[in-house]
Amino acid sequence: VDCKIKHKIVVKVFDLLGNQVAVLVDQKLSAGKYRTDFSAVNFSSGAYFYSLYADDKLLSTKRMLLIK
C-alpha cells in the first residue's frame with residue numbers, strides 16, 4: 001500500500017461466496033509503503049479475493065489462489 005497522506009486502511013480477505021474470512025489490516029496509517037503477511041494455515045486450497053479500503057472507500061479487489 002502506498003499512502004500519500006494518513007488514512008484508515010483496511011485489507012479484507014473473502015472466499016468465493018463473498019464471505020469475509022480475514023482482516024489483514026485495520027488501522028490508520030501515515031504516508032509510506034507497507035507490507036503485511038497472510039497466514040493461510042486455517043484455510044483450504046482455492047480461490048480467494050482481497051480488497052483494499054481507504055477511509056471506508058473500496059480502492060481495489062484482486063484474486064488470490066491458495067495452493068497447499
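The model is predicted: local features need pLDDT of at least 70, side-chain atom pairs count only at pLDDT 80 or more, and totals for chains, interfaces and linings use all residues. Residues are numbered from 1 along each chain as its sequence is written, and side-chain values use heavy atoms, with hydrogens and water left out.

A pair of aromatic rings is described by the distance of the centres and the angle of the planes. Rings of Phe, Tyr and Trp (its six-membered ring) pair if their centres lie within 6.5 Å; planes under 30 degrees apart count as stacked, over 60 as edge-to-face and the rest as tilted. The structure holds two such aromatic pairs. The ring centres of Phe38 and Phe43 are 5.4 Å apart and their planes stand at 45°, so this pair is tilted. Phe43 also pairs with Tyr48, edge-to-face, at 5.8 Å centre to centre and 80° between the planes.

As to burial, the term buried means under 20% relative accessible area, exposed over 50%, and partly exposed in between, with a 1.4 Å probe and protein chains only. Phe38 is partly exposed at 26%. Phe43 has 16%, and both Phe43 and Tyr48 are buried.

I turn to the strands, which are DSSP runs of E of at least two residues, numbered from the N terminus; two strands pair if DSSP finds at least two bridges between them. Strand β5 (residues 46–54) and strand β6 (residues 57–66) run antiparallel, joined by nine bridges. They form a hairpin with two residues between them, and Asp55 in the turn has a positive phi of about 50°. Ala54 stands opposite Lys57 in β6.

Technical notes
Helices (H or I, at least four residues) and strands (E, at least two) are DSSP runs, numbered from the N terminus.
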